[in-house]
Amino acid sequence: LEAVAEDGAEPAEVNAGGVTELETEESFDALVAGTDKLVVLNCGTTWCGPCKVFAPVYDEISAQFSDATFVKVVGDKNASTVSLMKRLNIRAVPSFRMFRDGVEVDTHSGTNRKSLTEKIQKNLKPGEQGA
């Protein structure tokens with residue numbers, strides 16, 4: 001999978017297994033529109049302590065679900081990420097959004113690993129790899 005890069009730069013490769021940081025609204029839009037896989041988006045900020053503490057857990061969760069794409073956005077990184085967070089109506093961090101075929105299918109707020117994992121599992125299609 002490729003995410004569209006800003007200003008005509010080379011597209012950013014989205015990691016298979018693992019978490020990729022998206023730095024533009026356009027790269028997010030291209031990713032969710034261009035895949036039939038479940039996309040799990042972690043929304044955080046640079047100042048969010050729980051976001052930093054949960055980051056390694058999110059990495060571990062991404063390794064459990066090989067048939068989903070895991071990405072993150074740092075909402076206060078630049079004007080584009082600020083715009084994306086506003087568009088997605090992110091009011092608390094960390095927040096997670098799940099997308100399938102370009103449509104938001106589920107949400108999760110906070111750092112409850114079990115609850116997030118259950119929501120990801122629920123949104124996988126039959127036969128997709130999960131925990």
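**Entry 1: the chain as a whole**

I began with burial: 42% of the 131 residues of the chain count as buried. Here buried means under 20% relative accessible area, exposed means over 50%, and partly exposed lies in between, with a 1.4 Å probe and protein chains only. I note that the model is predicted, so local features need pLDDT of at least 70 and side-chain atom pairs count only at pLDDT 80 or more, while totals for chains, interfaces and linings use all residues. Residues are numbered from 1 along each chain as its sequence is written, and side-chain values use heavy atoms, with hydrogens and water left out.

I then listed the secondary structure and found four helices and seven strands. Both are DSSP runs numbered from the N terminus, helices being H or I of at least four residues and strands E of at least two. Along the sequence they follow the pattern β-β-β-α-β-α-β-α-β-β-α.

For contacts I took heavy atoms within 4.5 Å. Among the contacts in the chain with a separation of 6 or more, 64% are between residues 24 or more positions apart.

**Entry 2: cysteines**

I looked for disulfides, a disulfide being a pair of cysteine sulfur atoms within 2.5 Å. The count is one. The disulfide joins Cys48 to Cys51, with an S to S distance of 2.3 Å. Its S-S torsion is about 80 degrees, so the disulfide is right-handed. Cys48 counts as buried because its relative accessibility is 2%; Cys51 is buried too, with a relative accessible area of 12%.

Cys43 is in no disulfide, and the nearest cysteine sulfur, that of Cys51, is 9.2 Å away. At 0% relative accessibility, Cys43 also counts as buried.

**Entry 3: nonpolar cores**

Which residues touch the most other members of the largest nonpolar core? I found Tyr58, Ile61, Phe70, Leu116 and Ile120, out of 15 residues in that core. A nonpolar core is a set of buried Ala, Val, Leu, Ile, Met, Phe, Trp, Tyr and Cys residues joined through side-chain atoms within 4.5 Å. The elements that give two or more residues to this core are β4 (38-44), α2 (49-64), β5 (68-74), β6 (95-100) and α4 (113-122). The largest share, four residues, comes from α2.

I followed Leu116 in more detail. Leaving aside neighbours within four places in sequence, Leu116 is in contact with Phe54, Tyr58, Ile61, Phe96, Met98 and His108. There is also a second, separate core of 14 residues, which includes Leu22, Leu31, Leu41 and Phe99. In soluble globular proteins, nonpolar side chains tend to be buried together.

**Entry 4: the largest pocket**

I recorded a volume of about 180 Å³ for the largest pocket. On a 1 Å grid over the protein atoms alone, a pocket is an open set of points where a 1.4 Å probe fits, with protein on both sides within 12 Å along at least five of seven lines; lining residues have an atom within 4 Å of a point. Grid points are joined across faces, edges and corners, and the volume is the space filled by probe spheres set on the points.

The lining holds 13 residues, and Gly44, Thr45, Cys51, Lys72 and Val74 lie nearest the centre. β4, α2 and β5 each supply at least two lining residues, and α2 gives the most, with four. I sorted the lining into seven nonpolar, four polar and two charged residues. In this sorting Ala, Val, Leu, Ile, Met, Phe, Trp, Tyr, Cys and Pro count as nonpolar, Asp, Glu, Lys and Arg as charged, and the others, Gly among them, as polar.

**Entry 5: single residues**

I placed Thr81 in helix α3 (residues 79-87). Thr81 is buried, at 0% relative accessibility. Beyond four places in sequence, Thr81 is in contact with Leu22, Glu23, Val73, Val74, Gly75 and Asp76. The C-alpha atoms of Thr81 and Phe28 are separated by 9.5 Å, although the two are 53 residues apart along the chain.

Glu25 is in helix α1 (residues 25-33) and is buried at 13% relative accessibility. Its contacts beyond four places in sequence are Ser80, Ser83, Leu84 and Arg87.

Gly18 is in the loop between β2 (12-13) and β3 (19-21). Gly18 is partly exposed at 23% and, leaving aside neighbours within four places, is in contact with Ser62 and Phe70.
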